[in-house]
Every structure is written in structure tokens, then in C-alpha cells.
Amino acid sequence: MKEANAYYRKHKTMKGYKTLSYEDAKKMDKEIKNSYSWCQTPYPSFYLSNNNQEIHRLKKRLEQLKKQKKANPNHRKQIF
């Protein structure tokens, strides 16, 4: 995300970005242009700041599931 934002700041377009096709880059440029003035980047700052919290939340959830599996290994699989 940071790399995409840096590319956009430097080139003012996503065309030519390594992981996007020309059509996807064109679509992303249009979405950026039509977005609110405070989030005219491929990934607004609130996306970046929320990533760490989401990573920590998912790690805790995985640990919780591992503990639950160890505590009751013969129990049927639960769908979450």
C-alpha cells in the first residue's frame, strides 16, 4: 500500500505500476480522481493505520482457535 501511494505521488497516475494492468490502473485513477479531496491516493492513510490493528486482531483470533483445538481435539469442527 505504501509503495502504491509513493508511486502515485511520483507519477500522478497508477498506469505503469508493476502489479496493475493498464485497465485496472485506469479504473483506479478514475476512482482516485472522483474521491473526496482528503483521500485522493490509492490507499488513504486510514487504511494504512488500520492494518496493524487488523493484523493484531487476526493473530489473537488464530491463537484463540489453536487453544480451543488443543483443549478439545475430538470435537467436531465448528464453522465460524
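Q: Where is Y47 found?

A: Y47 is found in helix 3, which covers residues 45–71. Helices here are DSSP runs (H or I, at least four residues), numbered from the N terminus.

Q: Before we go on, what kind of model is this?

A: It's a predicted model, where local features need pLDDT of at least 70 and side-chain atom pairs count only at pLDDT 80 or more, while totals for chains, interfaces and linings use all residues. Residues are numbered from 1 along each chain as its sequence is written, and side-chain values use heavy atoms, leaving out hydrogens and water.

Q: OK, back to Y47. Which nonpolar surface patch is made with Y47?

A: One of about 600 Å², made by M1, Y36, W38, F46 and Y47. Patch residues have over 30% relative accessible area and no salt bridge; nonpolar side chains (Val, Leu, Ile, Met, Phe, Trp, Tyr) are joined within 5 Å, like charges within 9 Å. The areas come from the Shrake-Rupley method with a 1.4 Å probe, and for residues only the protein chains shown count as cover.

Q: New topic: how many salt bridges are there?

A: A search of the whole structure finds three. To count, a side-chain nitrogen of Lys or Arg must be within 4 Å of a carboxyl oxygen of Asp or Glu.

Q: What does K18 form a salt bridge with?

A: With E3, and the closest N and O atoms are 2.6 Å apart. K18 is in the loop between helix 1 (2–11) and helix 2 (22–33) while E3 is in helix 1, so the pair ties together parts 15 residues apart in sequence.

Q: And are those two buried or exposed?

A: K18 counts as exposed at 63% relative accessibility, and E3 as partly exposed at 45%.

Q: What about R57, which residue does it pair with?

A: R57 forms a salt bridge with E54, again with 2.6 Å between the closest N and O atoms. They're three residues apart in helix 3, so about one helical turn separates them.

Q: And which residue does E63 meet?

A: The side chains of E63 and K66 meet in a salt bridge at 3.9 Å, N to O. E63 is partly exposed at 41% relative accessible area, and K66 is partly exposed at 49%.

How values were computed: Helix = DSSP H or I, 4+ residues; strand = E, 2+ residues; numbered from the N terminus. Buried < 20%, exposed > 50% of the residue type's maximum accessible area, 1.4 Å probe, protein only.
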